[in-house]
Amino acid sequence: MFKTRLLSGIVLMIITIALMIFGGLPLFWVITLITVIGLFELYRAVKMEKTVPALIGYAASIGLDLLLAAQKTDYVIMLLIGALMLMMAYPKYCSEQIIMVFFGLIYVTMMLSYVFQVRMLEGGQLMVWLIFIGACGIAVRTIAPFLDSKYTDPAVLVADEQGGHVISL
């Protein structure tokens with residue numbers, strides 16, 4: 001079991017490094033695939049992964065990624081409102097399920113899309129490595145050797161999962 005996890009971890013790390021270095025469409029499609037898998041897992045946790053609102057969430061997530069990749073951010077709000085209107089056409093679903101779909105779109109889709117968006121910026125090949133998705137302790141242990149002084153180092157901020165609280169490290 002450990003050997004399989006170790007080997008798969010090494011292979012995935014090589015793929016991740018290659019995608020971050022080369023960027024472009026391969027990175028976009030991998031991020032989109034990871035987003036849909038993440039949404040599926042989130043929706044499965046609340047037992048709604050195969051419902052109509054979840055299917056609308058998957059489609060809206062792919063649409064959102066396509067809009068962001070095409071730099072058509074003016075249409076993002078229209079897509080979210082359209083998805084909301086479509087879900088409201090199914091009155092048998094409760095508000096908690098609809099809120100969960102939107103939470104998934106914002107938390108999973110938007111957060112992961114920043115990896116692609118940052119990578120595609122000028123100088124993004126270096127900046128993308130500054131994005132940490134994971135535990136705060138991992139980020140602290142990773143950047144600690146590079147920190148010198150609170151007067152000269154850039155600020156490091158951490159946000160909670162709901163985005164309601166932000167603290168500096």
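The accessible surface of the protein chain comes to about 11800 Å², and 71% of that surface belongs to carbon and sulfur atoms. Such areas come from the Shrake-Rupley method with a 1.4 Å probe; for residues, only the protein chains shown count as cover. Please note that this is a predicted model, in which local features need pLDDT of at least 70 and side-chain atom pairs count only at pLDDT 80 or more, while totals for chains, interfaces and linings use all residues. Residues are numbered from 1 along each chain as its sequence is written, and side-chain values use heavy atoms, with hydrogens and water left out.

Of the 169 residues, 30% count as buried, that is, under 20% relative accessible area, where exposed means over 50% and partly exposed lies in between (1.4 Å probe, protein chains only).

Let us turn to the overall layout. The protein chain has seven helices and two strands, in the order α-α-α-α-α-α-α-β-β. Both are DSSP runs numbered from the N terminus: helices are H or I with at least four residues, strands E with at least two.

Next, how do helix α1 and helix α2 pack? Helix α1 (residues 2-22) and helix α2 (residues 24-45) pack at an angle of about 130°, with their axes 7 Å apart. Axes are lines fitted to C-alpha atoms, for helices over the stretch in contact, and angles run from 0 to 180 degrees between N-to-C directions. α1 is therefore oblique to α2; angles under 35 degrees count as roughly parallel, over 145 as roughly antiparallel, 65 to 115 as roughly perpendicular and the rest as oblique. In this contact (heavy atoms within 4.5 Å), Leu19, Met20 and Phe22 of α1 meet Gly24, Pro26, Leu27 and Val30 of α2.

α2 also packs against helix α5 (residues 95-119), the axes coming within 9 Å and crossing at roughly 160°. The two helices are therefore roughly antiparallel to each other. Among the residues making this contact are Gly24, Leu27 and Phe28 of α2, and Met100, Val101 and Phe103 of α5.

Finally, consider Leu157, in strand β1 (residues 157-159). Is Leu157 buried or exposed? Leu157 counts as exposed because its relative accessibility is 58%. Leu157 and Ile167 are 10 residues apart in sequence, and their C-alpha atoms are 5.6 Å apart in space.
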